[in-house]
Amino acid sequence: MKLTTLFSTAALAGLLSGTPVLAQDITGEVTLLTWKTASDLTTLHKVEAAFAAKHPGVTFKEVIASFTGDPRGGLRTVLLGGEPIDLIDNTWPAFRAELANAGLIRPIDDLWAKENFDARLDPSWKALGQTDGTTYGVQYIYGDRSSWYYLNKTLEKAGVTPPATWDDFLGQIPKFRAVDVTPVSLPAKAWAHGEWFETLLLRVGGVELASKLARHEIPWTDPQVRETLLKFKQAIDAGAFADANTVLGIEWDNAAEQVLKAGTAGYVHIGMWVSQYSADTFGITPGKDFGLTQFPALGLGHDDTSTVDATEYLAGASGKNPAAVDAFLTFLTTAEAANIFAADGYIVPSKEADTSLYNPIVKAANAAVSGKKLSFVFGDQLPGDLVDEYRVQLQKFIQDPSEANVDVVLAAIEAKAAESY
Amino acid sequence: MTQSAARVVSANVDGAESREPTGSRRKPVAGGWDRAEIVAALILLTPALVLFAVAVLYPLADTIRLSFFDVKGLAAPKYAGLGNYFKLFADPTFRNTIAVTLLFTLTTTALTVGIGWVLAVLCALAPRETLFFRFVFFTAFGISDAVAGYMWITFFRPDQAGTLNAFLNAIGLGQLQHSWLGDPATAIWAIIATATWSGVGLPLLICFASAQSISKSIIEAAHVDGARPLSIMRHIIMPLSLPGVRVALFINLLGSLRAFDVIYVLTQGGPVRSTETLGFFMFKESFAQFKLGYGAAATVVLLIAVLIISVPAIAQRTAGAK
């Protein structure tokens, strides 16, 4: 028997035996598509290094989609470019559905069962990674999007503590104004003003209302949606924000700077990435210098709700290294990977994470969303052209928060929604 | 040496070219060219033609093709006929875009070329002494629009971190502080100011070159006749530098019409779409929302607008060429 035939027979026997993939079998390059930069990318490098330490034959090639605003444009451009992609970083359920419909990602239900992900991830995380009942995503970090950030010394200067209720908050506005501090920085230049609407929507009508509106099962002119904008109007009328022209000129990073560096504004309602961003950029310490509090309770029966975002990895259908991808997705659910994220300031869905690694901000956020009724970021659930109209109309509402304009704004969004679904 | 290679090209007294073969002439095949010349010409032209086809004709044809399809995200394209065009002109956002584009293009061009021309004429009076000045202005033109945008975003910031507002405050004009990019009424003018600052170097250079080409004997004759510098500027340099102004107008109109970078960086089309030009609309539809067919239709409309401006200008200059 020739030597080559002998090797071939042995290899075939190995394949047919169904032996699990061993660490030493996993080699080669893994191409990973992401939009992450700065501290997010640094953490990703740590995770990649930890994985590569277990599988020395594996190397990572990152394809970073450039963007300003919505990264999906950059991700789509890379995917249409045709480069084989093994792993795709994703945070939008609608984008996952788009990728699945285009055949660009592969299901991982078999992997989930084989590697018993259920032992490390609650069923709700599996559901969040599914499209039409098929599992595609492994959620590895998530964030609380119903929280406000503040600088401790600014609150001390105004003589206030984080407000528990809406009325507490409205009562604090004159105290901030008295020390020449804008109570809330509202970054309305592009998209971040939507955070206010989205949390108010949840607190006015609960997860069900937000879900129905996102699917356009109720019109935008629904009385509860109107009530949401009227609550927003209440804050505007009470002087919670700077004037309309000012808020329309600032982005989330300017707002973070005003609140967490300059101390010219009291609170900012934004996602959790601002915690690590501020610690890195402004050199402030979570807990010691700055804190996080939940959106004040409205008392309308839905204060047990929160908006969350989550990030997942998807297995690319065009990838050249599925074995390494499966091993990496499995690794993401383990204590080792979870603890890297936890130590770097992220909340981790894996039950194996050591929560003592969380900094005070992450602990507070984790405690705040535990046991709450959760809704995924509302804007990320809307069709692309509708979300653009929705954000522009909210800007128009901020310019003119009169009741008459509330109706005009909602009618305009409804008109766009009617053609978007 | 081949017969065609040995051809001598010379100009006769009235400027027309004449070809004088050095040896016996082959029988012409077409237009006075023999077969070997045609083959040589085709071989020499092929690289340029291939490059033109790949870099210009194919993308152009594909964009026009794409404009007839409904493409949403990564989904398969569906044939839509003229649907995208009908939708485009019924879209109030697009109509707003046309108005913003006209305001931006005409104002930026008028300011850029106007300022560039005036500076060029002034520089032409003392070319050596203004060398550094011209260099500085042209350096601004060399900075990419995106980088210029990032520089100016700090300048226009609404709070005290904004250079303009801090300056106004420092000189006791704090009441004039404003959210320049957040107010729809001022955002477009802030962008026009940025684009003008960034673009004035090119018309300055073109108009200066045009002014420099004016025969010195004309200016000397004016001096001899007792003309003052202002009169020389008004009656000689300005009118005779107009060909340069026309070229600068043409280039700036096209550049402004396609403007994107500076708008993307400064305002992202906002607030409330007050700075959304055709170039930005095209980007938003094509790359942010990934409605490639709709974005392609907007691109074709922009292309037609560019052709409307450029074809008559090119035709005029070609007709005038000897």
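**Exercise 1. How far apart are the centres of domain 1 and domain 2 of chain B?**

Start with the number: 37 Å separate the centres of domain 1 of chain B and domain 2 of chain B, taken over C-alpha atoms. Keep in mind that this is a predicted model, where local features need pLDDT of at least 70, side-chain atom pairs count only at pLDDT 80 or more, and totals for chains, interfaces and linings use all residues. Residues are numbered from 1 along each chain as its sequence is written, while chains are lettered from A and ligands numbered from 1 in the order in which they are written.

Next, the bounds: domain 1 runs 8–66 and domain 2 runs 84–320. Those bounds come from an automatic or database domain assignment.

**Exercise 2. At what angle do helix H3 and helix H8 of chain B pack?**

Step one: find the helices. H3 covers residues 92–125 of chain B and H8 covers residues 201–212. Helices (H or I, at least four residues) and strands (E, at least two) are DSSP runs, numbered from the N terminus.

Step two: read off the geometry. The angle is about 40° and the axes are 8 Å apart. Axes here are lines fitted to C-alpha atoms, for helices over the stretch in contact, and angles run from 0 to 180 degrees between N-to-C directions.

Step three: name the arrangement. That angle makes H3(B) oblique to H8(B); under 35 degrees would count as roughly parallel, over 145 as roughly antiparallel, 65 to 115 as roughly perpendicular, and the rest is oblique.

Step four: look at who touches whom. Residues of H3(B), among them B:Gly116, B:Trp117 and B:Ala120, meet residues of H8(B) including B:Leu204, B:Cys207 and B:Phe208. Two residues are in contact if their C-beta atoms, placed from the backbone, lie within 7 Å. The contact of H3(B) with H8(B) divides into 12 nonpolar, three polar and no charged residues. For these classes, Ala, Val, Leu, Ile, Met, Phe, Trp, Tyr, Cys and Pro count as nonpolar, Asp, Glu, Lys and Arg as charged, and the others, Gly among them, as polar.

**Exercise 3. How many residues of helix H12 of chain A are buried?**

Count them: eight of the 11 residues in H12(A), residues 252–262, are buried, so this helix is largely enclosed by the rest of the structure. Among the buried ones are A:Trp252, A:Glu257 and A:Leu260.

Then ask for the cover. It includes strand E7 (147–151), strand E9 (265–269), helix H13 (273–282) and strand E10 (290–294) of chain A. Finally, A:Gly263 follows H12(A), and its phi is positive, near 70°.

Conventions. A residue is buried if 20 or more other C-beta atoms lie within 10 Å of its own, exposed if 12 or fewer, and partly exposed in between; C-beta atoms are placed from the backbone.
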